[in-house]
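Q: I have a structure open and would like to talk it through. Could you keep to plain answers and give me the cut-offs as we go?

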Amino acid sequence: MDLKYGIGLLVILIIIIAVLTFGTGSNYERIEIAGSTSVQPVAEKLAEKYMEEHPNVRVDVMGGGSGLGIRSVSQDIIAIGTSSKNLKTTEKQGLNEYPIGKEGIVVAVNLENPVGNLTKSQLKDIFSGNITNWKEVGGPDAKINLVVREEGSGTRSAFEDLVMNKTKVKSDAIVQTSTESIKVAVKQDPYAIGYISLAHMTPDVKAVTIEGVAPSVETVKDGSYNLQRPFLFLTNGEPEGQLKEFIDWCLGPEGQEIVKDEKIVPVT
Amino acid sequence: MSKWNEEFFIEKGLLLTAISSVIIIALIIVFIFREGLPALQSVGFFSFIFGMDWAPSNGQYGIFPMIIGSLGITALSLLMAVPLGVFCAIFLAEIAPNAMRKILNPTIQTLAGIPSVVYGFFGLVLLVPFMRVHFGGTGFSMFTASVILTVMILPIIVSVSEDALRSIPLEYKEASLALGATHWQTIKNVIFPAAIPGIITSVILGMGRAVGETLAIIMVAGNVVQIPGSIMDPVRALTSNIAIEMGYATGVHYNALFATGIVLVFMIIILLVIANYFHYKKKVTIGGGYL
């Protein structure tokens with residue numbers, strides 16, 4: 001008797017598997033986006049809005065890092081790769097770049113830290129380990145605790161391109177794997193310094209002005225705050241059909257409005 | 001449906017599940033080796049294992065500091081969790097009144113069900129600042145990671161040890177008490193020694209979790225590739241290394257992360273062999289069988 005139930009169960013299982021494999025998706029056109037975790041939130045918002053207006057299209061957004069985005073789009077695994085850093089010439093091969101916005105990188109310190117302004121060269125000395133005491137840049141007599149992102153992170157490579165200029169980051173800097181955990185680390189340690197993206201800036205850490213310019217949407221837009229990086233959509237070759245429509249929509253007024261809502265500086 | 005048929009199908013079905021689990025493990029190992037060996041070949045086995053520098057962007061792949069980091073975190077957390085867990089198990093199995101056991105047991109088992117990211121975040125928000133204020137440094141350290149791990153592996157050690165202590169035949173206890181031994185003497189000289197193989201099993205399971213834990217460690221250990229000078233220095237574990245960099249790795253770097261996985265597999269195998277050896281040595285043999 002038990003076997004009957006077994007057979008029944010098996011049939012149900014086969015139906016479920018069949019539905020999962022062939023049922024869904026056939027009515028939709030799919031666009032898959034993957035890459036930079038910094039671009040992910042804004043890409044998700046764009047996808048959500050776009051799907052509301054175009055019910056026949058499914059846009060899936062995944063993270064994984066800028067490197068993964070560049071790699072998988074050039075291997076044609078996904079339709080759109082995202083990157084939060086400028087591409088090296090070796091990475092560009094056959095890829096089309098669509099900047100959807102710009103973002104500032106904020107150098108954050110603890111709220112108790114009296115240091116309010118740093119020059120770019122001071123910043124470089126701090127992160128390379130030439131300056132190890134806050135006293136040297138006008139702060140309290142205490143050791144500087146560096147908090148950085150992991151190797152390969154878009155934010156990290158953007159910061160290194162903009163500030164470090166080939167100099168290596170001090171090897172004993174604490175490594176954290178997300179903007180949020182960097183913020184938590186800086187929030188708790190009065191002598192810590194780290195970098196986060198402008199969109200994630202909240203009042204629980206203090207933004208240092210760079211060369212006297214405070215990071216904000218305006219200063220990023222007019223270029224006076226120069227720790228900034230592009231948010232890129234990448235396609236392999238010329239986009240066509242639905243994909244082209246989606247990218248055009250993102251770059252159009254509606255898409256750019258969403259970009260702005262996410263505290264990213266729009267390109268137009 | 002005849003009885004023969006039913007038994008036949010159930011037997012074969014069980015055999016199939018058993019075989020498939022072996023096949024799955026074999027496939028995983030084959031896959032890790034296939035992906036990892038190119039890195040071992042291009043970097044060189046010894047310079048990979050004993051190399052001191054990990055800088056994928058410069059083509060340096062040395063994981064020795066991370067092996068030390070993984071072993072250090074594991075050893076330190078076992079050092080704290082084993083005595084705590086075993087004494088807790090003795091208390092629960094022998095001393096605690098029933099009412100208390102009914103509250104304590106589910107509480108301890110709840111600890112095992114909490115996702116590791118919760119432990120990690122707890123550590124990052126509360127433990128790291130506490131360590132920084134009271135022990136100096138940045139707070140991100142091997143010790144902080146070990147404390148978090150201790151809490152994570154405690155429930156495993158407690159519940160498996162407790163089962164081992166409880167499975168000792170009642171006759172042992174009766175005989176010991178009848179000979180005039182006190183309760184504590186009975187626990188110390190009869191019940192505990194007889195339960196040692198089971199307790200070692202609990203330590204093995206705890207160790208497995210400690211070596212394999214990734215997320216919570218990433219959040220509190222600081223992830224600096226260095227050989228720690230003290231337990232208050234930040235370290236990076238092998239598992240953390242894979243999780244941190246996998247999203248970005250290409251080419252040799254990608255293979256090197258799988259090679260890290262190979263090392264991890266061997267490390268766990270070696271630790272298991274050592275632990276199983278002690279398990280075997282401590283077996284209590286009575287008559288034809290053993291406990």
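Q: To start, is Glu97(A) buried, exposed or partly exposed?
A: Glu97(A) is partly exposed, with a relative accessible area of 31%; buried means under 20% relative accessible area, exposed over 50%, and partly exposed in between, with a 1.4 Å probe and protein chains only. Please keep in mind that this is a predicted model, in which local features need pLDDT of at least 70 and side-chain atom pairs count only at pLDDT 80 or more, while totals for chains, interfaces and linings use all residues. Residues are numbered from 1 along each chain as its sequence is written, chains are lettered from A and ligands numbered from 1 in the order in which they are written, and side-chain values use heavy atoms, with hydrogens and water left out.

Q: OK, and which side chain does Glu97(A) meet in a salt bridge?
A: Its partner is Lys92(A), at 4.0 Å from N to O, where a salt bridge is a side-chain nitrogen of Lys or Arg within 4 Å of a carboxyl oxygen of Asp or Glu. Lys92(A) also counts as partly exposed, at 35% relative accessibility.

Q: How many salt bridges does the structure hold?
A: Over all chains there are 17. One of them joins Asp172(A) and Lys170(A), whose closest N and O atoms are 3.4 Å apart; Asp172(A) is partly exposed at 33%, and Lys170(A) is partly exposed at 23%. Elsewhere, salt bridges that share partners join Arg30(A), Arg58(A) and Asp60(A) into one network.

Q: Changing topic, how many residues of strand E4 of chain A are buried?
A: Strand E4(A), residues 95-109, has 12 of its 15 residues buried. Strands (E, at least two residues) and helices (H or I, at least four) are DSSP runs, numbered from the N terminus.

Q: And which strands does E4(A) pair with?
A: Two strands pair if DSSP finds at least two bridges between them. Nine bridges join E4(A) to the antiparallel strand E11(A), residues 228-236, and there Glu103(A) stands opposite Arg229(A). Five bridges link E4(A) to E8(A), residues 192-197, again antiparallel, with Val107(A) partnered by Tyr195(A). E4(A) is also antiparallel to E12(A), residues 265-266, over two bridges, where Gly101(A) has Pro266(A) as its bridge partner, and to E9(A), residues 206-207, over two bridges, where Val109(A) has Lys206(A).

Q: What about the interface, how many residues of chain A are in contact with chain B?
A: On the chain A side 29 residues are in contact with 28 residues of chain B, contact meaning heavy atoms within 4.5 Å. Together the chains bury about 2,100 Å², 59% of it on carbon and sulfur atoms; buried area is the accessible area (1.4 Å probe) that two parts lose on being put together, summed over both. In chain A, Glu151(A), Ile174(A) and Gln188(A) lose the most area to chain B, together 27% of what that side buries.

Q: Which residues form the salt bridge across that interface?
A: The rule finds one across the interface of chain A and chain B, and in it the side chains of Arg132(B) and Asp189(A) meet at 3.8 Å, N to O.
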